[in-house]
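Here is a short briefing for a first look at this structure. Keep the sequence and the 3D view side by side as you read.

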Amino acid sequence: MSRTGIVIDKLFVDHDNGMGHPETSERILAIAEMLRHTGMRDEVTILEPRDATKEEITLVHTPEHYDKMASTRGRPRVFLDADTTTSPASFDAAVRAVGGMLSSIDAILEGKLDRAFPFVRPPGHHAESGKAMGFCLFNNVAVGGAYLTQLKGIERVLIVDWDVHHGNGTQHMFYDRSDVLYFSAHQYPFYPGTGALNETGSGDGGGFNVNVPLSEGMGDAEYIKIFSEILGPVIEQYKPGFILVSAGFDTFFEDPLGGMRVTPEGFARQARFMLDAADKHSDGKIAFILEGGYNLDGLWICTKEVLEELLDKKRTDYDIGSQPTAADDVIEKVKKEHSRFWEF
Ligand SMILES: [Zn+2]
């Protein structure tokens with residue numbers, strides 16, 4: 001079995017968006033119950049909680065944004081945008097969520113773990129350098145990317161974002177950089193509005209931002225074909241030293257926010273695809289981090305499927321042949337748009 005680390009912490013339950021909000025503490029409780037019920041709690045390494053420092057968080061965020069988030073500490077509810085709020089514990093939770101990303105990275109770089117999946121709240125990929133939005137305070141995965149390239153000497157980092165929403169924050173933070181490649185497949189047009197095909201990066205970052213905008217209704221076959229036909233060749237040519245996955249589970253077929261049709265087995269396939277890619281191209285170095293996913297039963301079963309792949313308890317076959325799918329048109333468009341940067 002592979003050595004797989006997780007991060008889970010009471011602070012991720014304490015962060016509270018208020019009554020009726022889909023990004024609820026129960027998401028973490030569902031995952032904790034899954035870990036207990038399946039016995040996987042005893043098969044993973046539970047990493048010591050660690051808080052990210054201001055220096056680490058401001059690798060991608062402005063000091064003003066950090067200070068603004070810090071000022072919410074201990075205060076009752078503060079509204080940051082229409083659907084993003086803080087409770088007294090939210091700042092501490094957000095700092096520890098980033099820390100969960102970083103302690104996972106450290107343990108992998110130090111060779112203590114093969115892989116990791118921090119189960120954190122709040123999620124991160126919508127947070128911009130100077131702004132909280134879309135349930136996100138700090139951009140966990142983006143701090144991870146900057147930490148790896150700027151402080152840990154990793155030359156190229158790949159961030160794969162399979163959340164149903166586009167990770168506007170992550171895209172913007174690395175838009176003109178070639179040392180962090182952002183790949184996202186997402187529902188479009190949809191919240192947050194970014195993620196068009198022709199957003200390919202600028203300056204030195206040209207070609208290092210790959211968007212696959214999808215109409216709703218895409219399922220297992222479409223996602224794995226997108227991975228095989230677009231992401232696979234990009235990884236092969238980019239040769240990342242580390243892979244980070246913004247793992248949202250709101251493409252699940254019964255998610256209340258997303259409009260996709262991915263099954264639990266589909267998530268197992270996506271995870272196995274990423275693990276194989278990491279083994280082949282980044283010396284196995286890969287960490288997943290929780291983003292969205294709002295159907296609690298879906299979160300339970302889908303994180304179970306992914307964790308079983310990380311632990312190598314099973315190896316789901318993702319080679320589904322090349323039958324036509326509803327994503328074929330957009331796959332061709334993405335290839336065409338990116339043909340000046342990548343060979344497909
Ligand atoms: Zn999402």
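Pro122 sits in the loop between E5 and helix H6 (140-151); helices (H or I, at least four residues) and strands (E, at least two) are DSSP runs, numbered from the N terminus. A cis peptide bond links Arg121 to Pro122, with omega at about -10 degrees. This is a predicted model: local features need pLDDT of at least 70, side-chain atom pairs count only at pLDDT 80 or more, and totals for chains, interfaces and linings use all residues. Residues are numbered from 1 along each chain as its sequence is written.

**Loops**
- A cis peptide bond also runs from Tyr191 to Pro192, with omega near 5 degrees.
- Pro192 belongs to the loop between strand E7 (180-187) and E8.
- Lys239 lies in the loop between helix H8 (220-238) and E9. Its phi is positive, near 55 degrees, and Lys239 is not a glycine.
- Asp283, in the loop between H9 and E10, has a positive phi of about 55 degrees.
- Lys239 is exposed (12 or fewer other C-beta atoms within 10 Å, with C-beta atoms placed from the backbone); its count is 12. Asp283 is exposed, with 12 other C-beta atoms within 10 Å.
- Most residues other than glycine have a negative phi, and most peptide bonds are trans.

**Sheet**
- An open sheet holds 8 strands in the order E2-E1-E5-E10-E9-E6-E7-E8, with parallel pairing. Two strands pair if DSSP finds at least two bridges between them.
- Strand E2 (45-46) and strand E8 (209-214) are the edge strands, each pairing on one side only.
- Strand E1 (residues 4-7) runs parallel to strand E5 (residues 115-118), joined by 4 bridges. Gly5 has Ala116 of E5 as its bridge partner.

**Helix packing**
- Helix H2 (residues 26-38) packs on helix H10 (residues 296-310) at about 45 degrees, with axes 9 Å apart. Axes are lines fitted to C-alpha atoms, for helices over the stretch in contact, and angles run from 0 to 180 degrees between N-to-C directions.
- Among the residues that meet are Ala30 and Met34 in H2, and Leu299 and Trp300 in H10. Contact means C-beta atoms, placed from the backbone, within 7 Å.

**Core**
- The largest nonpolar core has 106 residues; Val98, Val143, Ile159, Ile243, Met274 and Val306 touch the most other members. Such a core is a set of buried Ala, Val, Leu, Ile, Met, Phe, Trp, Tyr and Cys residues joined through C-beta atoms within 7 Å. Buried means 20 or more other C-beta atoms within 10 Å.
- H5 gives the most to this core, with 11 residues.

Definitions and conventions: Two residues are in contact if their C-beta atoms, placed from the backbone, lie within 7 Å.
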